[in-house]
Amino acid sequence: MNDEWWFNYRGIDLYVENMKGLPKWSSDLHAHPMQINGVLEEAMLPAIDQITLKEDRDLRKYFIIRKPSWKPIEALLAPERVER
């Protein structure tokens with residue numbers, strides 16, 4: 001949303017460090033199941049629920065995955081969405 005990326009894992013919003021800079025990452029991956037690996041930390045980060053409300057968002061405590069890597073989880077994809 002508004003060029004900001006985050007994930008929701010079991011009802012918890014979390015950031016991924018430098019999401020846009022990950023190899024082969026694109027907006028085409030929106031809503032695709034994937035595995036994210038890295039170092040999980042807590043940090044004060046801009047409020048996700050304020051993305052469309054204001055530019056200078058309030059800081060809130062979120063989890064963030066640092067030094068991330070990712071890969072798709074094809075087992076969770078519907079058969080028509082699996083690329084061969």
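Predicted model: local features only at pLDDT ≥ 70, side-chain atom pairs only at ≥ 80, totals over all residues.
Let's start inside the protein. In soluble globular proteins, nonpolar side chains tend to be buried together. Here the largest nonpolar core has 9 residues: Leu14, Val16, Met19, Leu22, Trp25, Leu29, Met34, Ile65 and Trp70. Two elements, β2 (12-16) and β4 (59-72), each give two or more residues to this core. A second, separate core holds 8 residues, among them Tyr15, Leu45, Ile48 and Ile51.

Beyond its neighbours within four places in sequence, Leu14 touches Trp6, Phe7, Tyr9, Phe63 and Ile65.

Next come the aromatic rings, which form 4 pairs. One of them joins Trp25 and Trp70: the ring centres are 5.3 Å apart and the planes stand at 90 degrees, so this pair is edge-to-face. Trp25 sits in the loop between β2 and β3 (34-46) while Trp70 belongs to strand β4, so the pair ties together parts 45 residues apart in sequence. Both Trp25 and Trp70 are buried. Ring pairs also link these two with Trp5 and Phe7 in a cluster.

Finally, have a look at the largest pocket, with a volume of about 610 Å³. Of its 24 lining residues, Trp6, Phe7, Asn8, Tyr9 and Ile36 are the closest to the centre. β1 (7-9), β2, β3 and β4 each supply at least two lining residues, and β3 gives the most, with 4 residues. The table shows how the lining divides by residue class.

| Class in the pocket lining | Count |
|---|---|
| Nonpolar | 19 residues |
| Polar | 4 residues |

Technical notes. Residues numbered from 1 in each chain as written. Heavy atoms only, no water. Core = buried A, V, L, I, M, F, W, Y, C linked by side-chain atoms within 4.5 Å. Buried < 20%, exposed > 50% of the residue type's maximum accessible area, 1.4 Å probe, protein only. Contact = heavy atoms within 4.5 Å. Phe/Tyr/Trp six-rings, centres within 6.5 Å; stacked < 30°, edge-to-face > 60°. 1 Å grid on protein atoms, 1.4 Å probe; cavity = no way out; pocket = protein on both sides within 12 Å on 5 of 7 lines; lining within 4 Å. Points joined across faces, edges and corners; volume = space filled by probe spheres on them. Nonpolar A, V, L, I, M, F, W, Y, C, P; charged D, E, K, R; others polar.
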